[in-house]
Amino acid sequence: MSATDRYDLIIGIEVHAQLLTASKAYSSDANEFGSMPNENISTITLAHPGTLPRSNAKVLEYAIKMGLALGCEITEYNYYDRKNYFYPDLPKGYQITQDKTPICRKGQVLIKPKGGVPKVINLTRIHMEEDAGKSMHLAGEEDSLIDLNRAGVPLIEIVSEPEISTAEEAYAYLTEIRRMVRYLDICDGNMEEGSLRADVNISLKPKGQVEFGKKVEVKNMNSFRNVMRAIEHEVERQSTMLDAGEEIPSETRMFNAETGLTYSLRSKESLNDYRYFPEPDLQPIVIDAARLATIKASLPALPQALYDKFTGQFGLPDYDAGVLTDTKEVALFFSAICEHTTNYKAASNWVMGPVKSYLNDLTMSIEQLPISPVTIAAIIKLVDDGKVSYSIAAQRIFPELANGTKESPLEVATRLNILQEGTEEDLMPIVADIIAKWPQKVAEYKSGKKGIVGMFMGELMKATKGKSDPKMASALIERMLDQQA
Amino acid sequence: MSLALVPTSFDAIRSALADGSLTVVRLVEGYLANISARPELNVWLEVFAEEALAKAAALDQKLQAGTAGPLAGLIIGLKDNLCYQDHVVTAGSKILAGAQPEIKPFVSQFTAPAIKRLLDQDAIIIGRQNCDEFGMGSSNENSAFGPVLNGIDPTRVPGGSSGGSAVAVQDGHCTISLGSDTGGSVRQPAAYNGILGLKPTYGRISRFGLLAYASSFDTIGILANNAADIATVLGVMAGPDGMDSTASERPVDNYAAVTATKPTAKRIAVLRNGLESEAVAASTRAAVADTVQKLEALGHSTSVVELEMLDYLLPTYYVLTAAEASSNLSRYDGIRYGHRTNKEVDLEGLYKNSRAEGFGPEVKRRIMLGTFVLSANYYDAYFTKAQRVRRLIRQEAEAILANHDYLLMPVATDVAFKFGEKSTDPLSMFLADVFTVQANVVGMPALAFPTGHTSEGMPIGLQLLGRPFDEAGLLALANSL
């Protein structure tokens, strides 16, 4: 019997998302990843005597966007709080955050876990805060190094209710959060660089028990995969302890990606008293209806709305809609094709087929594709008009376009001499020749082996150098075979 | 008494410069002579003599050429908790000056924007003035660099925390001083030294570049010999500033013009305690009564009012300012600048030792008090309650000023006290601020002005509290008395 047969798994996730603002949350210092250490620091970031924070309006806008996208209530009267603690990478000795008045409350995330059923995860809150700097404790070095480039970078913290029940759900939840911040273009969602970070609160309780067990917070996972591994390890660790009648101490644990294990960082009992109080250096912010309306109007199309449009208006299968809305860029690209064609399924096939595999081969993103949506629509038209077959278009025309040719698909087809030629009348004598050449095969066809048509098609294509319209040709072959005595 | 003859008002300086009877260099030399004459007063932590003289010489040329700014001839002393680019700033503390000789004192990399506006109009800064550490004190005995002495009677305190700034103006070391007022730190020393001191409305002058003590109380204040000088300086410093989100966007009044005009008939509330309380010295009570008579003679009406919340002013003030201070002073941790212990310790030891060696006892007391009132178990009992009481105090002040234009009361319960009189008893020192903290708790402007002397020759100061942003009215009324 596995642990999850005996215990319910209770997971809540806190996601920290670094916002893609040009400057920091409370200073004009650049918000840039990858600068030289301590390059993006002014007297404000350094907390020099006499400096004061000043709010970056974009931070508020981005936080509200996320809240609106997730159906949160937006808090009208906001103030900031100070969270006080000492650490060398926290220059002011406090972090500016929101304790009592998170900008967003409630809200929901619809997750579609692999192999599971779709589920709604409720959010507790989203609040704005600033990041701390980075401390580096290099092996063998006596001194620690501090890089304050990150100090003051704006964050939103998205806190879920403890409603996530499996590692797969956690994965799906994070996938949704990342997809949303990327759609909104407020965070690059890069876990490896730490611009999206997840702290996971995990507890187990025996099946049927109402009250929750002691929760353990796990940090330091730098990929979704590692979040799952950390959860799986904690289930193992905690259930073993519970089976042995041990108590789970409430604590913060670090995940080690090399071992796949977690280790204790600090006990929650020795928790800091952060002495939160309202930040007196920043004015409270009142979000009025007009401002909210402006931000609402600026929201891009969101994944679920696009999904509904693709399956509804465009009549695409769920699978297609899921793939096409996976990232905003693909969804936008696809939508752009659909402005120039009504053959939505063909557009979907092109994006999911030749376009995706080309991008995958070259590990490119869709914005880097040298073929425009209008051009894809033009290829679709070429196929629909019977000028080329889909496979010829995909194998011959698409690569030419991807190589950056300035020609139109029609011009490419003309240059490559692959435009389908010939009316039925042109093809009839050729088909007649082939039929005459293969009496045995005709007999096989007559005896019911209909698949033999493919062989005749192959011969026809050989004779016409592939330029016959396959649909028309195969219909013609069948008709002429049927006419044989 | 000042040795060198320097004009006591900026108006007089301007006309002397205009008629050629004075040059900026001679003016600065006069101030420098006065400064050198009384080193025992311990007013200055640093005098920028050469720099000020060089600037004065350049300014004399500009005056000749007719290209000098409007504040040419205004020589300013800075309380040492105000930032002046490329100059040391210590807040009267070893945590910034360094408690060991190998640690260099902290040098500011910028000038406070409000002060920059003065410099842009050709004012000159002559030096850094001694003060209570981080503005915490009422007698200037809390400076890491020793106390400032009262220039009128050196056995007495100059008041605090802007003690050096007040003595500097009184003793003719500079034209005006810039100080800071969190609970009376400009007005009380002004009163103890017989000069004027303005605490503007909270947010009227940008706080960027003022070393924070209690952010929601702190204001930069102006100390001067007369209301006109304060009006001139305030008019330049006041106004919105992108670097301080708590600075008001409200347009700036023409303070100088209003100050020069005779005020219309005003309704003035007079605090009963100032007239009757046994806790207030008889000479101070008499000064209040005299001023009431003078006001009525000038056509104003007066009526006596009570402050129901008077007993709650100090507890509210100390709980909230200590809370904010405990957080504001966290940045002084020995990591990036300022004093760092030279003991071999771990990280926690580095914090503890650096701060223990760098901060003085009063600052430590308030950090501990503030940490206590913000701690999870006591937060609601102290901090939350004090915030509520603050609202009630503000409502009471608003109610009084709904029916009156100004509220008149003493600055302190008595004139400047003798050294050592209160320094052993922090509570009695705290009580000295009873009348001044109200203006900071409610954020309203208040102006301290001199009204006479005791039989011993010590100046008595009273203050007027006004509605938010009525600095012009306060200055005009005080100017007319």
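This is a predicted model: local features need pLDDT of at least 70, side-chain atom pairs count only at pLDDT 80 or more; totals for chains, interfaces and linings use all residues.
Trainee: Which residue of chain A has a positive phi without being a glycine?

Mentor: A:Thr363, with phi near 40°. Its loop runs between helix 9 (344–362) and helix 10 (373–384) of chain A.

Trainee: Is A:Thr363 buried or exposed?

Mentor: Exposed means over 50% relative accessible area. A:Thr363 has 71%, so it is exposed. B:Asp86 lies in the loop between strand 2 (75–79) and helix 4 (94–97) of chain B. B:Asp86 is exposed too, at 58%.

Trainee: On to strands. How many residues of strand 12 of chain A are buried?

Mentor: 9 of the 11 residues in strand 12 (residues 196–206) of chain A are buried, so the strand is largely enclosed by the rest of the structure.

Trainee: Which strands pair with strand 12 of chain A?

Mentor: Strand 1 (residues 7–18) of chain A runs antiparallel to strand 12, joined by 11 bridges. There, A:Ile10 has A:Ser203 as its bridge partner. Strand 13 (residues 216–221) of chain A also pairs with strand 12 in the antiparallel sense, over 4 bridges. In that pairing, A:Ile202 stands opposite A:Val216.

Trainee: Now rings. How many aromatic pairs are there over all chains?

Mentor: Rings pair if their centres lie within 6.5 Å, and planes over 60 degrees apart count as edge-to-face. The count is 28. One of them is A:Tyr358 with A:Phe398, edge-to-face at 5.8 Å centre to centre and 80° between the planes. A:Tyr358 is in helix 9 and A:Phe398 in helix 11 (residues 390–402) of chain A, so the pair ties together parts 40 residues apart in sequence. Both residues are buried.

Trainee: What is the geometry of B:Tyr332 and B:Phe359?

Mentor: Their ring centres are 6.4 Å apart and their planes at 90°, so this pair is edge-to-face. B:Tyr332 is buried at 3% relative accessible area, and B:Phe359 is buried at 5%.

Trainee: Where does the charged end of A:Lys112 sit?

Mentor: Over the ring of A:Tyr307, 4.3 Å from its centre. Likewise, the charged end of A:Lys450 sits over the ring of A:Tyr445, 4.4 Å from the ring centre.

Technical notes: Residues are numbered from 1 along each chain as its sequence is written. Chains are lettered from A and ligands numbered from 1 in the order in which they are written. Side-chain values use heavy atoms; hydrogens and water are left out. Helices (H or I, at least four residues) and strands (E, at least two) are DSSP runs, numbered from the N terminus. Buried means under 20% relative accessible area, exposed over 50%, partly exposed in between (1.4 Å probe, protein chains only). Two strands pair if DSSP finds at least two bridges between them. Rings of Phe, Tyr and Trp (its six-membered ring) pair if their centres lie within 6.5 Å; planes under 30 degrees apart count as stacked, over 60 as edge-to-face and the rest as tilted. A charge sits over a ring if NZ of Lys or CZ of Arg is within 6 Å of the ring centre and within 35 degrees of the ring normal.
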